[in-house]
Amino acid sequence: MLRTVGGLALAGVAGVAWSLVEARWYTLREVTVPVLPAGQAPLRVLHVSDLHLTPGQRRKVDWVRELATLDPHLVVDTGDNWAHLDAMPALLDALEPLLALPGAFVLGSNDYLAPGPKNPVRYLLPDARKKPTHPPVELPWRELVARLTSGGWADLSNRRDVLDVDGRRLSLVGTDDAHLDQDRFPTAGGADDVRARADRRDAPTVDLHVGVTHAPYRRVLDAMHADGVDLTIAGHTHGGQLAVPFYGALTTNCDLDRRRAKGLHGWPGARPDRPGGAGSSWLHVSAGLGTSPYAPVRFACRPEATLLTLVPA
């Protein structure tokens with residue numbers, strides 16, 4: 001009996017030690033999405049999400065900077081970039097080579113507010129959110145938005161825009177963070193439509209319609225699908241952060257089902273290239289690159305960025 005208890009304790013310690021290592025074992029996922037019109041050349045989209053950067057994470061900064069060598073045609077940042085009041089210099093250092101490329105972004109809850117301690121068991125509840133007992137620390141998100149937009153990236157927080165990328169015209173629609181209930185789906189041609197030309201019905205030359213959001217709540221995905229997006233790009237879930245081998249994520253921290261916690265899927269049904277997916281649009285959810293500083297672990301869910309290679313359907 002003592003031997004069994006000792007073995008379990010040793011396994012537990014080893015598991016915790018490994019989860020601390022895995023949280024820093026960054027990987028690049030490469031995914032092909034058959035979504036472009038016939039006859040077009042491939043379009044490379046780099047998806048980065050959930051860096052949760054804090055001062056002193058030099059290895060993560062260097063790894064993100066190196067992503068620019070992939071030479072993507074477009075960078076999409078789906079938020080939660082930092083997790084500390086003093087992380088602005090490190091974040092700008094990490095993103096500096098990527099800001100030289102065409103890009104678009106939305107913000108996540110931890111772009112607005114610094115994270116605080118939370119019982120990790122809450123993430124297993126249907127809604128892990130709770131009213132804070134102390135006023136949260138507001139991060140300098142307005143400066144962050146100014147820095148990203150001055151670098152040329154399109155702000156898609158409850159907005160629409162259109163970008164010319166590698167000879168293709170992309171219309172984009174995005175929402176602010178649904179986890180904070182700040183999402184307001186922008187109407188085409190309305191006050192939040194940066195360029196009314198981004199409405200595909202008025203712009204037949206548009207090659208692709210892309211949705212961008214931080215937290216993939218079902219109401220947002222449904223609105224994206226109803227808007228006719230070809231591909232929705234999201235983050236927030238951390239891929240569950242802790243996964244069980246052969247079972248998958250335990251939670252998505254939103255109302256998205258666990259089997260879509262990360263990777264390439266279809267919405268609302270199967271992938272468009274699979275049986276039953278004829279009425280679906282593409283959905284990519286990133287497991288992200290970071291963790292809350294109060295839970296700096298991952299298990300069976302490596303931190304990631306993704307290079308999406310879009311090809312003709």
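Which residues in helix α5 are buried? I started my notebook with that one, keeping in mind that this is a predicted model.

**Helix α5**

I looked up α5, residues 141–150, and found L144, V145 and L148 buried. Around the axis they cover an arc of only 100°, which puts them on the same side of α5.

What do the buried residues of α5 pack against? I noted α3 (88–95), β4 (103–105), α4 (109–112) and β5 (154–155). After α5 comes G152, and its phi is positive, near 105°.

**Helix α6**

Next I went to α6, residues 218–226, where V220, L221 and M224 are buried. Looking down the axis of α6, I see its buried residues within an arc of 95°, so they line one face of the helix. For α6 I wrote down strands as cover: β7 (168–174), β8 (208–212), β9 (231–234), β12 (263–267) and β13 (281–285) are included in what covers its buried residues. A glycine turned up here too: G228 follows α6, with a positive phi near 85°.

**A patch on the surface**

Last, I looked at the outside. W18, V21, W25, L242, V244, Y247, L250 and F299 form a nonpolar patch there, with about 720 Å² of accessible area together. I picked out V244, which sits in strand β10 (residues 243–244). How exposed is V244? I got a relative accessible area of 37%, so V244 counts as partly exposed.

How values were computed
Residues numbered from 1 in each chain as written. Predicted model: local features only at pLDDT ≥ 70, side-chain atom pairs only at ≥ 80, totals over all residues. Heavy atoms only, no water. Patch = residues over 30% accessible without salt bridge, like charges linked within 9 Å, V, L, I, M, F, W, Y side chains within 5 Å. Areas by Shrake-Rupley, 256 points an atom, 1.4 Å probe, with all protein chains shown as cover. Salt bridge = Lys/Arg side-chain N within 4 Å of Asp/Glu carboxyl O. Helix = DSSP H or I, 4+ residues; strand = E, 2+ residues; numbered from the N terminus. Buried < 20%, exposed > 50% of the residue type's maximum accessible area, 1.4 Å probe, protein only. Arc of directions from axis to C-beta. Contact = heavy atoms within 4.5 Å.
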